[in-house]
Amino acid sequence: DQFAQKSRLSKAADLRFMQLALTLGRRGQGRTWPNPAVGAVVVKDGIIVGRGWTQPGGRPHAEPEALRRAGEAARGATLYVTLEPCSHFGKSPPCADAIIAAGIARVVSAIEDPNPEVAGQGHARLRAAGITVDVGLGAVEAARDHAGHFRRVRDKRPHVILKLAVSSDDKIGAAGRKPVAISGEAAKARVHLLRARCDAILVGIGTVRADDPLLTCRLPGMEARSPVRVVLDRALRLPGASKLVHSARETPLWVMTSDLSEAPAAMKLGAAGAQVIRVATTTAPPPGLDLLAVLHALAEKGITRLMVEGGARVASSFVAAGLVDEVWLLRGPNAIGADGIAALDALPLTAITQSPAFRVRASETLQSDTLTIYERVEG
Ligand code: AOF
Ligand code: ZN
């Protein structure tokens, strides 16, 4: 009947507008830290009158952006938002109050904000003002998009994405570190896009000394979206002549080191524009930085999404410590041979691909490479 049809249509419309809000929110990923990248859409009589997303640095929040664009049209309109509107006086006034003041009649919100300062109070404040609030549409996607914020709030560490580019026989390099082609152009471009969507990117000192990487996002037009570069460097062996140190004034470089590494080396790096951050070391051999302490320090500084790019020892330590939330496995068409460098050092790659701790979220073909994305099974 007519009523059922109308409600079906409006459900489909709700879903469409929430999808748009999710897409808008993702625009901010990698540059809103310490805040989540939220999206918001204002709809009046079926027409979009305002769009907004969290701005670089985390403010303004998404909702006031969308409301500002909607202006007077917000009165009586519906607001779609990918995270519960905030209710606290933080560095910006509460979005819930802005929504009430704008005269919004209904709010469709994807998911509750776990931030203890919000945690349901945003929705409650809206309801108390007589606004209809529907929570849960798009919750699965929103939880994925805000995984960094959730992880940081709940576990005081970032969401960790491990990127592995392997040959057809699961190697990440040739013996003696001879240069070999593993991934094609499309796969490389995809990795650079992921870099732009992460707040920080982490490598070990071995990789820096072997490859002298720059670790920036080099997609045309997206160069300004480079993440913070983080190096695990227990004994401060980072060469002053490396590309990382040379570019430290343009793109932030954080060097994680032990409490015991030498002060003059730290001063030199500081003078070159890097930030030296001291963390605890492991108590059991082999000597290394305590990865959980590293993650806590990064979260403390506001990092919500961390990409781990290698090398094999760093990757395997993160996997072994159970600190990987998501894996991007790129597999190229060529074999390297039994003497190549194994992707996860002493661990077999099946520690991810066959592990009950991970499931495949998506896979796609990128020219001659395949990309498989694994996500941690929460439980
Ligand atoms: C929203 N919309 O777009 C974002 C929100 O320090 P403040 O005032 O900027 O508040 C930061 C907190 O606000 C952050 O930890 C998270 O809980 C929420 N982020 N909230 O309503 C947004 N980015
Ligand atoms: Zn807000």
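Mentor: A residue is called buried here if 20 or more other C-beta atoms lie within 10 Å of its own, with C-beta atoms placed from the backbone. The model is a predicted one. The part to examine is helix α6, which spans residues 147-155. By that criterion, its buried residues are Ala147, Gly148, His149, Phe150, Arg151 and Arg152. The cover over these buried residues includes two helices, α5 (139-145) and α11 (291-300), and two strands, β6 (159-166) and β12 (305-310). Just after α6, lysine 156 adopts a positive phi of about 55 degrees.

Five strands make up an open sheet of mixed pairing, in the order β2-β1-β3-β4-β5. Its edges are β2 (47-53) and β5 (132-135), each of which pairs on one side only. On average, neighbouring strands of this sheet are turned by 15 degrees against each other, direction ignored. Strand β1 (residues 39-44) runs antiparallel to β2, and six bridges join the two; glycine 39, for instance, has tryptophan 53 of β2 as its bridge partner. Helix α1 (residues 2-26) lies across β1, β2, β3 (78-81) and β4 (106-109), and runs at about 145 degrees to β1.

There remains the ligand. Around ligand 1 there are 19 residues, of which Val38, His61, Ala62, Gly90 and Asn115 come nearest. This shell comprises eight nonpolar, seven polar and four charged residues.

Technical notes
Residues numbered from 1 in each chain as written. Chains lettered and ligands numbered in written order. Predicted model: local features only at pLDDT ≥ 70, side-chain atom pairs only at ≥ 80, totals over all residues. Buried ≥ 20, exposed ≤ 12 C-beta atoms within 10 Å, placed from the backbone. Helix = DSSP H or I, 4+ residues; strand = E, 2+ residues; numbered from the N terminus. Contact = placed C-beta atoms within 7 Å. Near = placed C-beta within 6 Å. Nonpolar A, V, L, I, M, F, W, Y, C, P; charged D, E, K, R; others polar. Pairing = 2+ DSSP bridges. Axes fitted to C-alpha atoms, helices over the stretch in contact; angles between N-to-C directions.
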